[in-house]
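Me: Could you take me slowly through one buried spot, and then show me how the parts around the chain are put together? I'd like the terms spelled out as we go.

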Amino acid sequence: MTAEIFGSVEASGADTIVDAGTRGIGADVGRPDGVPKVQGRFAFSSDLWADDFLWGHTLRSPHASAQIRGIDIGPAVAMAGVYAVLLADDVPGCLTYGLEHGDQPALANGQVRYVGEAVALVAADHPDIARRAAEAIVVDYEATEPLTDPEAAPAAAPIHPDGNVFRELVIRHGDLDVAGEVTVEGVYEVGMQDQAFMGPESGMALPDEDGSVELFVSTQWLHVDREQIAACLGIDEEKVRITLAGVGGAFGAREDLSLQVHLCLLALHTGKPVKMVYSRDESFLGHVHRHPAKMWYRHHANRNGRLVKVEARIVLDGGAYASSSGAVIANASCFAAGPYKVPAAHVVGLAVRTNNPPCGAMRGFGAVQTCFGHESQMDKLAAALGIDPVELRLLNALAPGDRLITGQAITGTFPVAEVIRQCAHAPEPEIPLSDDRRDLPGGSGRTTDASDTVRGTGFAVGFKNLMFSEGFDDYSSAACRVSDGVATITCACAEVGQGFVTLAQQIARTELGVDEVILAPAQTATIGSAGSTSASRQTWMSGGAVQAACREVRAQILADVAAEWGVSPDGLVLRDGLVVSLDGQQEALLAQVTGGAGYEADVEYHHAPTETLDENGQGNAHVSFACAAHRATVDVDPDLGLVRVRDITTAQDVGRILNPTQAVGQIEGGIAQGLGLALMEEIVLADGLVRNASFTDYVIPTTLDMPDVTIAAFVEQPEPGAPYGAKGIGEPPTISSSAAIAAAIRTATRQDLPRIPIRPADIALG
C-alpha cells in the first residue's frame, strides 16, 4: 500500500496557524511513543508486573440463554494454588453496571443472556491453574430458547426486566404526505463487525490496606470506569484509583467495562495484586461489537434529481445488554438520509435486545450502517433518473445554513460539495490489469487470471457528528504547569492510538513558546474527567482543555512580567523559551521567570450545549459535523466471487490539520476497517454462539489486502469554536469507504449486492 496526498484545500482567507518548521501546531511531529512501539519496548497493559501477584480468569456461559440452577465451586477451591473463587453473591455493591444504563451483571445472577457472559472468577498463582480451576467449576444450567432475531425482538417475550427495546426513535420532518415523481426502494444489511484490536483486554489491580484499590488498565474512559467499578465494589469513587496502561488499540470496544470490576473484586478479596489477560477467543466474548443492521429505505425525487422525501426503518441488534445502543441508534437515525438536503423525512430507528453478544461503540457508530443504506439508494436513484451518481450527490449536497432531517441548522463549516468534487475530480489511477498474481483477486494462490477479471469504480460520501450529543454534559479537564521553563500537561484523555500524546505537546509548544513539554500519566487521582476517547471528540474537547489551560498560564506569566517591566501584557509574547516585548526592547528567559514555584492552571472545557430530540426527532442535538467522500476502484473475478481493491481515493473535511502525518495515519487506518467491513469482516453467529472467535477465522485486512490510498485533498475550513478550527479525523474514513467499495463491485458485476460484507458466494451465485 502507498499513500499519495494531492494537497490541501483551504477556505478563502484562512490563515496559516504556525510555521511548519516548528514543533507546534501544524507541524509533522513524531509520536513520543512511536520509537519504543516499533522497537517492542513500549509497555502495554499485558506487560504489567508486580511482586507476588495472582492471575485471574473468568468462567463464561456456553449458552445464549439459560437459568442457573446451581454452581459447585468445590472442585476449583480444592485445587492447589487457587486463592479465590467468586460468584455473584460475592459482589459487595451494585450487581450491575453499564455505560448508559446499568443493566449488565458483573457476574451472572441466576440467569445468563449471551454466550460468554461472566459467571465466576478465579484467582490463582499461575494462569494455567486459574484456567483449569475455572473449568472445574460445575454449573447446572437449564438452557432456554434464545431470542436471536432482532426483527422479532419487539414483540417477543422480554428476556430482561427492562424489556427488549433499548430505544425507539422516530424522526418526522417536513410534509410526510409529499411524494416524488421517481421512487426507489431497497432493503440493506450490515453484518456484525469486531474492533479486532491487536492487544486483547488486560490489566492489573493492586489492593490497599484501607480497602481501596489501584487499577492499571487499557480503557477509553477512566472516570466512567471508576464510577461503575466503585458502585459494584460498594466503596467511594475516591477509593478506586485508575491509571491508563498501554493500549493496544480500541476503536470503541474499550469504552465499556470488560475485566475492570473482576480484577478489583479479586484483588480486594485476596489482598494481593491480580493480573488478567484475555486470550483472543475470550476477547471476542469479552467486549462489544459493531451493531448489525437491517434497513429498509424508500427515496423520493423529482425528475430533475432533487430529493423530495426519504423514508427509512432501521433495526440494530444491540445484543444482550444496552451498552451505548441508545446513542448508536440516535446516530443511525439522525444521519439516515446522508449529507443531503431532504425536505421531508420519516425515519423509524429501533435498537433491540437479543441473546446475541452485546454491541456498542465502534468507529463511526450508527453512521457506518446507514451510510451503506443511503449511498446504495443514491446510486439506485441515479440509475432510475439517468443522472451521473456524482452529479446527483452534488445537486443535493448539504451546506452551511441548511437543515438536517432533525431540523437542526448547520451553523459551522460543512463542505460536502467540496469533498465530493475533490474526490471525484482527482485523476483516476492508471492501474493496468496485471498478470502478477499478487495484484489479482485471490492473491498469489493463482485462482484468477487477468482475462477473467472485470473492473469497477464506485463512489460514496458520508458524514457524522463530532462529540457527544442530545444534552449530554460533555467536557474535558486539563492542567498546565510551567516551572523552570518546562511545561507539564495533565489530562485523563485515553491515548488509544489517535495521537493525543503528540497533540497535547504541540498545543503547549504553540501556546507557551516552550520546547520541552512533559505529558503526565493519565489517571483519575490527579485530574478530572476527560470524557471518552470516542465520537471524534478528543482533539476538540481535550485539545481545547489543554489549550485553555496553557493560555491561562500564559496570561499569568505575562501579567507578572508586565507588572515588573511596567508595560502592558498586550505588548508581550512567549517565544522560543523567552518572554519578549513586541517592540524588541526587552526579553527574559522563561526558565528564570518561571523558576521555583512556577505557574499553573486547571480548567474544565465545555462545548456549546445541545438538546435532546423531541417526540418527532427534532432538535439541536449535535455540536458539529464532518464529512468525507471515497472513490473505490476494484477488480473482480465474477465466476469465483473474488475481489481485489486496487485504489481508494478520498477527500475529507478536517477543519484544520494539526499534524499531517497523523492525519494520514487516521485516514489509512479508517479505510482499512471500512475495507474489512465491505469484504471480509463479520462475526458469524449460530443461535448466539460466535463461530469464528479467532484471527484465523475472523479475517481482517493485512497490508497485502490494502490498496493504494490517494488523499485527493484535506479540505481545510476552520470550524468556529474548535481549537485552531480543527475537527476530529478518525471516523469519517470508515463511514463511506465500505459503501464506495460495495458500489464499485456493483459496477463491475451489475449485481444488486444489498449486504456487507460482500462474500464470494454473493457474487458468484448472485
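Reply: Happy to; let's begin with a term: contact means that heavy atoms lie within 4.5 Å of each other. This is a predicted model, in which local features need pLDDT of at least 70 and side-chain atom pairs count only at pLDDT 80 or more, while totals for chains, interfaces and linings use all residues. Residues are numbered from 1 along each chain as its sequence is written, and side-chain values use heavy atoms, with hydrogens and water left out.

With that in hand, look at F166, which sits in strand β11 (residues 165-173). Strands (E, at least two residues) and helices (H or I, at least four) are DSSP runs, numbered from the N terminus. F166 has a relative accessible area of 18%, so it is buried (under 20% relative accessible area; over 50% is exposed and in between is partly exposed, with a 1.4 Å probe and protein chains only). Setting aside residues up to four places away in sequence, F166 touches D103, G318, G319, A320, Y321, A322, S325, A351, V352 and R353. F166 and I405 are 239 residues apart in sequence, and their C-alpha atoms are 22 Å apart.

K464 lies in strand β20 (residues 454-466) and, at 2% relative accessibility, counts as buried. Its side chain makes polar contacts with the side chain of N465 at 3.2 Å and with that of E731 at 3.0 Å. A polar contact here is a pair of N or O atoms within 3.5 Å, where within protein one must be able to donate a hydrogen and the other to accept it, and residues adjacent in sequence count only if both atoms are side-chain atoms. Leaving aside neighbours within four places in sequence, K464 is in contact with residues including N331, F335, A367, E731 and I735.

A367 and I735 lead us to a helix pair. Helix α8 (residues 367-385) and helix α15 (residues 732-749) pack at about 35°, with their axes 8 Å apart; the axes are lines fitted to C-alpha atoms over the stretch in contact, and angles run from 0 to 180 degrees between N-to-C directions. From α8, A367, V368, C371, F372, E375, S376 and D379 take part, and they meet T734, I735, S736, A739, A742, A743 and R746 of α15.

Now for some strands. Strand β21 (residues 475-483) is mostly covered, with seven of its nine residues buried. Eight bridges join β21 to strand β27 (residues 599-606), and the two run antiparallel; two strands pair if DSSP finds at least two bridges between them. Strand β22 (residues 486-491) is also antiparallel to β21, over six bridges. C480 is bridged to A601 in β27 and to I489 in β22. β21 and β22 form a hairpin with two residues between them, and D484 in the turn has a positive phi of about 55°.

Elsewhere, strand β32 (residues 708-716) is largely enclosed by the rest of the structure, because eight of its nine residues are buried. β32 pairs in the parallel sense with strand β29 (residues 642-653) over seven bridges, and D653 stands opposite V715.
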